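Here are my notes on this one, in the order I went through it. Have the model open while you read.

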Amino acid sequence: MIPRRNRNLIIKIIFFCSALYLLSSFRNSQESSPDNLQENIEEIFEAPDSGLEKNNVDSKINNKIDIANAKIKEHEENKKEVKNIVLEPPNVENEKAAQEEKDKWREAEDKKDKEEDRIKEKEEEDKADEAQNFAILPPKNPDGPGEMGKPYKVDKEKADNETKAKIEKGWQNNAYNEYVCDLISVTRSLPDLRDEWCKAPDRMLPKLPKTSIIICFHNEGWSVLLRSVHSILNRSPENLLKEIILVDDASDMNHLKMDLENYMSQYPKVRIVRAPERLGLIRARLLGASKASAPVLTFLDSHIECTPGWMEPLLDRIARNSTIVVCPSIDVLDTETLEYQDYKIGYFAVGGFDWNLQFNWHLVPEHEKKRRGHSWAPAWSPTMAGGLFSIDKEFFEKIGTYDSGFDIWGAENLELSFKTWMCGGTLEIVPCSKVGHI
């Protein structure tokens, strides 16, 4: 039989080990132990009085153990509840609904902003269309803006801010008063500036060749380009005009895209050729020439106006001799008022150049005046300005066309002039053919 002292010691050891196990289980818990848990455990480990009987000791220990276990269980439940509260996932449905509301709000705001932008763009387009339609309409009044080549002036000092902005923008885009150009009809009237000598019944050959007209442009103004085309269509004999080829040299302005396609679609003789990238004037002209089908090529700029009777005198000279390269008499369209400024015959000049190979104008020498016999007769010219001329297609190819290495423009007029004279041709300026140029 184990002595009482030893029994007490063994009991203490057993419960000491149990307490250690309990303490190690709760060491890392998130909540601290119940306030009196430690006291209860310590009470368990208190040595019973030596005077207590074994049954009393066992009963007291069992009661304290039951109390401790109950509190531990309660603590476990509390800890579980806390843990559930902390670790409970958020309400996904509520968050999703809130996010959907936010997305809808943002989508509505974006839609509203886009609609406002669209309305503003539409207003700007309507204003532009109104200006374009105004320019497109045939002149209702013979005394309307710019009719018969008269100047049309806008007083900048009295203009409102919106008008001033349009004028400034036009100058920046095209180096002329585009605002005034848009106020003038694209089919405006021009006077017949030819001398009676030009209109003599036997002045022209009865049979003349057809011509393909090639116009290259890059970001040209709307009304100016249309006016160029209409002046050709309205003042060229139907049987002599084969086609008008508009070569777009990679323009990026919207009015030169579908608007131009739609507008020109009503004129069967006009077709548009689009360059895939910026070519420059010379390569763009070569592109247009490759698409031409008439025996005579006529190159014109995109900001010109042809006067009555301009075409026949040019084709007449080529019909007489296919090696003759002819240029019209080039008049001035004023950049500010679009006035057609006729160069009177007393100021008629021919082309030349200086030793820097810069083109310039010279009065007709006396010996050339004598050779011509009449002041309105064609005049030989050492060089041409280059923007406006007609040439037999086969002769153009014979002399090597343009040098395709030229970029943008400049010097190509002298090169073609030299090749014309050196390859057996003749270069002439024809006063009976008058074309205005900005």
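1. Overall layout. The chain has 13 helices and 12 strands; these are DSSP runs numbered from the N terminus, with helices being H or I of at least four residues and strands being E of at least two. This is a predicted model, with local features needing pLDDT of at least 70 and side-chain atom pairs counted only at pLDDT 80 or more, while totals for chains, interfaces and linings use all residues. Residues are numbered from 1 along each chain as its sequence is written, and side-chain values use heavy atoms, with hydrogens and water left out.

2. Burial and surface. Of the 438 residues in the chain, 39% are buried (under 20% relative accessible area; exposed is over 50% and partly exposed is in between, with a 1.4 Å probe and protein chains only).

3. Contacts along the sequence. Take the contacts between residues at least 6 apart in sequence: 80% of them join residues at least 24 apart. Contact here means heavy atoms within 4.5 Å.

4. The whole structure has 19 salt bridges (a side-chain nitrogen of Lys or Arg within 4 Å of a carboxyl oxygen of Asp or Glu). One of them pairs R188 with E305, with the closest N and O atoms 2.9 Å apart. R188 sits in the loop between α6 (178-183) and β1 (211-217) and E305 in strand β5 (residues 304-306), so this pair ties together parts 117 residues apart in sequence.

5. A pair inside α10. D316 and R320 form a salt bridge through their side chains, at 2.9 Å from N to O. They are four residues apart in helix α10 (residues 311-320), so about one helical turn separates them. As a reminder, an α-helix has 3.6 residues a turn, so residues three or four places apart point the same way.

6. Helix α13. This helix (residues 412-422) is mostly covered, with eight of its 11 residues buried. Among the buried ones are E412, N413, L414 and L416. E415 and K419 meet in a salt bridge at 3.1 Å, N to O; both lie in α13, four residues apart, about one turn of the helix. Both E415 and K419 are buried. Elsewhere, salt bridges with shared partners link D192, R194, E196 and K199 into one network. After α13 comes G424, which has a positive phi, near 90°.

7. S381. Where does S381 lie? It is in the loop between β10 (379-380) and β11 (389-392). S381 is buried, at 1% relative accessible area. Its side chain reaches the backbone nitrogen of G351 at 2.8 Å. Leaving out residues up to four places away in sequence, S381 touches V350, G351, W421, L427, E428 and I429.

Methods. A polar contact is a pair of N or O atoms within 3.5 Å; within protein, one must be able to donate a hydrogen and the other to accept it, and residues adjacent in sequence count only if both atoms are side-chain atoms.
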